[in-house]
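Visitor: I would like to go through this model with some questions about individual residues, helix packing and the ligand site. Please show it first.

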Amino acid sequence: MWTSRPWGRQTPRTREGADGSAPGRAPEALVLLCSVGAAAVAVAQPLVLGRTLDLLLRDGDAGRWLPLSAGLLLGELLLDSLTSLFTGRCNAVWTASIRSRALRGLLRAVPDSARPHPPGDVGTRLTLNAADAGGAPAARAALGASLITPLGALVALAFVDVWVAACVLTGLPALALVLRTFARDTGASVAAYQRTQSLIASRLLEALDGAATIGAAGTGDRERARILAPLAELAAQGRHMWALHGRALGRSNVLVPLLTLAATAVGGLRLAAGHLSVGDLLAACRYAQLAAGIGGAATLLGALVRAREARRRTQELEWMPPLKYGSRRLPQDGPGELELRGVRVVRDGRQVLRADHLRVPGGSTVAVVGRSGAGKSVLAAVAGRLIDPDEGHVLLDGVPLDRLTREALRTEVAYAFERPVLGEGTIAEAVATGSRQPAPEQVRHAALAAGADSFVQRLPHGYDTPLAEAPLSGGEHQRLGLARAFAHAGRLLVMDDATSSLDTATEHEVNLALRRSVRRGTRLVVAHRPSVADRADLVLWLEAGEVRAVGTHRELWHRAGYRAVFGTDTGGTGAEDVTPGDEPVRRHEPEEVRP
Ligand SMILES: Nc1ncnc2c1ncn2[C@@H]1O[C@H](COP(=O)(O)OP(=O)(O)OP(=O)(O)O)[C@@H](O)[C@H]1O
């Protein structure tokens, strides 16, 4: 049953960072604080343990040093646990923030600029790459803290015994060199690995999208091979990364014990010479270990390099050029007159649309026809400012579209597409989604006009049926897209192949309803059927990106080139598929439409 629940856009309770705002320094500061605390405790421990041991050996009673040692051990444990907790939290909020910013950048971008990023690539950037990039602040904090331990240990060691400290110091440049080489070499591999990951994801999504075609053509094996072709490269890159990591760890794993051994030997000699106590030797050995632990920074460094490359990839989405809006509004009750002045659209150095002095009178219905690739969709996109022309201007009721506020543009220009994206909510929410919030009765009215009401009523929960539970045919899906466009119809409605999946009779009913029941305005209809062109007030015939002619369907039908657009060369008007008994088409005489 359809309920009258209003489908107001609810403000979801967003998790920290998920709204795209930067989480600030607090999560990172907490990680830094706890890791520095843990590092400080680690540095203090050997001194205290050494002193405790000396007191126990000498007096058999270490006094308050014993509980202090235990306290430090427990403190280190607690601080390590807190570091893990805050690291998880920091990673989560940063990942959410980076992902939201990238997504927002993508959604705000000029649609054409997103074209080079196929869905699989976008998916990889928003999931894997965002998560890697989100790990950077915590890794940075941990790296900073991880340097405190060896440096602090070295200073403390110098207090215990300067000779042992000097011995450790001589080995540190070698460890630093290992880290530097690792950071340099691993950067390029990580970037290549992430690119290949995204290529595989893109191919997989392409194949899923075209699963029916692949199944029908029996090219499953070839497709599988195509998707997995970069896998060998990915494996090689992965192995290379692990080899670099392994080499860095291996080298530091050799250097660290050697250094500790050398420090222990020097400490032993100093003990034998009476310059060190047993407790001092214990502390010196532990400090030597901590100082040499700088090699462990390789893992954090690896995470940071990966995060840097991943961040670069999410920022490519975040920083895509946004569609900029102006501050002007449309004149009240304007008829929806559309004008294209000196418009040129160029793609890959090729002109794909040129239209000059083209004026579509307000309230008229114009069919845009032409062979495949003629530029119909480009014209449709330019007419409602989905893209800006490279040259020239598009005006709606005398106002250039790029001067309009976002609100004026999106409330007065509606689109219906061949393959509308309906989202994940209920049927009602899918129709209601848009710049305005239509009331439930308006949603139903729009669905009726789009010929969707009857099949929606048959669904288990009517308009409240979640889309995921509504098995929709291509035509039903398209009708919901039309309903959404009708529910938000402004003074200009652009329909780009939006009825291609409807049978001729349904398409005709939709056309009649559009005239009778949807807010009046100018209609720009990209069409492939002669019947649609015949019902329009005027036809705009495009060829190779240029306006070939403007006229009524019946006028143009005399031209063989025009008939060829519809793949027919019969003597009729090609509009014979119009349902008998149609009401006569009411034409709004255009005052001026010329190419
Ligand atoms: N972003 C782009 N990059 C490169 N070329 C583009 C881009 N957008 C459109 N084109 C090219 O512009 C030309 C017109 O494309 P358009 O989609 O407008 O054709 P169409 O007339 O709608 O075709 P169809 O009827 O097959 O949908 C095509 O050759 C297309 O390849």
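Visitor: Is Leu271 buried, partly exposed or exposed?
Guide: This is a predicted model, and Leu271 sits in helix α8, residues 231-272. A residue counts as buried with 20 or more other C-beta atoms within 10 Å and as exposed with 12 or fewer. Leu271 has 16 such atoms, so Leu271 is partly exposed.

Visitor: Which residues does Leu271 contact, leaving aside its neighbours within four places in sequence?
Guide: Leu271 and Leu281 are 10 residues apart in sequence, and their C-alpha atoms are 7.0 Å apart in space. With neighbours within four places set aside, the contacts of Leu271 are Leu276 and Leu281.

Visitor: How many helices and strands does the protein chain have, and what share of its residues is buried?
Guide: The protein chain holds 20 helices and 11 strands. Among its contacts with a separation of 6 or more, 81% join residues 24 or more positions apart. Of the 595 residues, the share that counts as buried is 42%.

Visitor: What is the handedness of the crossing of α3 and α10, and how do the residues of their contact divide?
Guide: α3 passes α10 in a left-handed crossing. On the α3 side the contact includes Val122, Arg125 and Asp132, and these meet a set in α10 that includes Arg306, Ala310 and Leu317. By class, the residues of this contact are six nonpolar, two polar and five charged.

Visitor: Which residues of α2 and α3 make the contact between these two helices, and how many of them are nonpolar?
Guide: Helix α2, residues 65-108, packs on α3 at about 145°, with the axes 8 Å apart. The crossing of α2 over α3 is right-handed. From α2 come Asn91, Trp94, Thr95, Ile98, Arg99, Ala102, Leu103 and Leu106, and from α3 come Val122, Arg125, Leu126, Ala130, Ala131, Ala133 and Gly134. Three residues of the contact are polar and two charged, while the number of nonpolar ones is 10.

Visitor: How many charged residues are in the contact of α14 with α16?
Guide: The axes of α14 (residues 440-449) and α16 (residues 474-487) come within 8 Å and cross at roughly 125°, so the two helices are oblique to each other. α14 passes α16 in a right-handed crossing, with Gln442, Val443, Ala446, Ala447 and Ala449 meeting Ala483, Phe486 and Ala487. The contact has seven nonpolar residues and one polar, and the count of charged ones is none.

Visitor: What is the phi of Asp333, and is Asp333 buried or exposed?
Guide: Most residues other than glycine have a negative phi. Asp333, in the loop between α10 and β1, has a positive phi near 55°. Because Asp333 has 7 C-beta neighbours inside 10 Å, Asp333 counts as exposed.

Visitor: Where does Asp397 lie, and what is its phi?
Guide: Asp397 has 19 C-beta neighbours inside 10 Å and so counts as partly exposed. Its place is the loop between β5 (391-396) and β6 (399-400). Asp397 is not a glycine, yet its phi is positive, at about 45°.

Visitor: Is Pro361 buried or exposed?
Guide: Pro361 belongs to the loop between β3 (358-360) and β4 (365-370). Since 20 other C-beta atoms lie within 10 Å, Pro361 is buried.

Visitor: Which helix gives the most residues to the shell around the ligand?
Guide: The ligand is surrounded by 13 residues, the closest being Arg347, Val352, Ser372, Lys376 and Ser377. The shell divides into three nonpolar, five polar and five charged residues. With three residues, the helix that gives the most to the shell is α11, residues 376-383.

Key: Residues numbered from 1 in each chain as written. Predicted model: local features only at pLDDT ≥ 70, side-chain atom pairs only at ≥ 80, totals over all residues. Near = placed C-beta within 6 Å. Helix = DSSP H or I, 4+ residues; strand = E, 2+ residues; numbered from the N terminus. Nonpolar A, V, L, I, M, F, W, Y, C, P; charged D, E, K, R; others polar. Contact = placed C-beta atoms within 7 Å. Left-handed = near helix turned anticlockwise from the far one by under 90°. Axes fitted to C-alpha atoms, helices over the stretch in contact; angles between N-to-C directions. Parallel < 35°, antiparallel > 145°, perpendicular 65-115°, else oblique.
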